[in-house]
Amino acid sequence: SSVHVTFPQPISLGGAKLNALDTWGLYFPKTGQIITSPNTDEFGLASITKLYTALIALGALDRPEVIAVPTKLPEVEPLLSLTPGSTISFGDAMLASLIPSANDAAVTLGTVGFDSWKGFTQTLGFTATILTEPSGLDQKNKSTTKETLLLGAIALQNLRIKEAVSQ
């Protein structure tokens, strides 16, 4: 269930000042309750996209142990400086896309099932999320606060992602 909270003046929550114009949300795992700001507009996902990419790749039926690095890679930092045509292990590509947020690793990981993103988001019941590419560099990757909070909760239920982000 979702609750929208409106307050006339900024409030302080854990040291952060929040106001009604900001997009923010809180998720309570024990109850599943989500509290979001009144601003429910979609926003650009940026590197949060890499979490989708990792979950989609982990769910791929034909998940390889080793991934070939594609010929077209982003040139925007952070990068692992992968060489097109070389290979990287699935686990290393996932870790590099999640921890240092390496864009070339995310694009490489995205070769594993990313084209099925629409089915993945529909399975989760997400209706606002749009993914155009796996690294988050395209500003057309968008979602809402609620769907982003739910993605985080789902990601932390995945043992491989939970281990990766807790390092």
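**Rings and helices, up close**

Guide: Let's start with R63, which lies over the face of F90, 5.3 Å from the ring centre. Keep in mind that this is a predicted model.

Visitor: What makes R63 count as lying over the face of F90?

Guide: The distance part goes like this: the CZ of an Arg has to be within 6 Å of the ring centre, and R63 is at 5.3 Å.

Visitor: Why is the pair of Y52 and F120 called edge-to-face?

Guide: The search of the whole structure turns up 1 aromatic pair. In that pair, Y52 and F120 have 85° between their planes. Anything over 60 degrees counts as edge-to-face, so that's the label they get. Y52 sits in helix α1 and F120 in helix α4, so the pair ties together parts 68 residues apart in sequence.

Visitor: How do you know whether Y52 is buried or exposed?

Guide: Buried means under 20% relative accessible area. Y52 has 0%, so buried it is.

Visitor: Which residues meet where α1 and α2 pack?

Guide: From α1, it's K50, L51, A54, A57 and L58; from α2, it's F90, M94, S97 and L98.

Conventions:
Residues numbered from 1 in each chain as written. Predicted model: local features only at pLDDT ≥ 70, side-chain atom pairs only at ≥ 80, totals over all residues. Heavy atoms only, no water. Phe/Tyr/Trp six-rings, centres within 6.5 Å; stacked < 30°, edge-to-face > 60°. Helix = DSSP H or I, 4+ residues; strand = E, 2+ residues; numbered from the N terminus. Buried < 20%, exposed > 50% of the residue type's maximum accessible area, 1.4 Å probe, protein only. Lys NZ or Arg CZ within 6 Å of the ring centre and 35° of its normal. Contact = heavy atoms within 4.5 Å.
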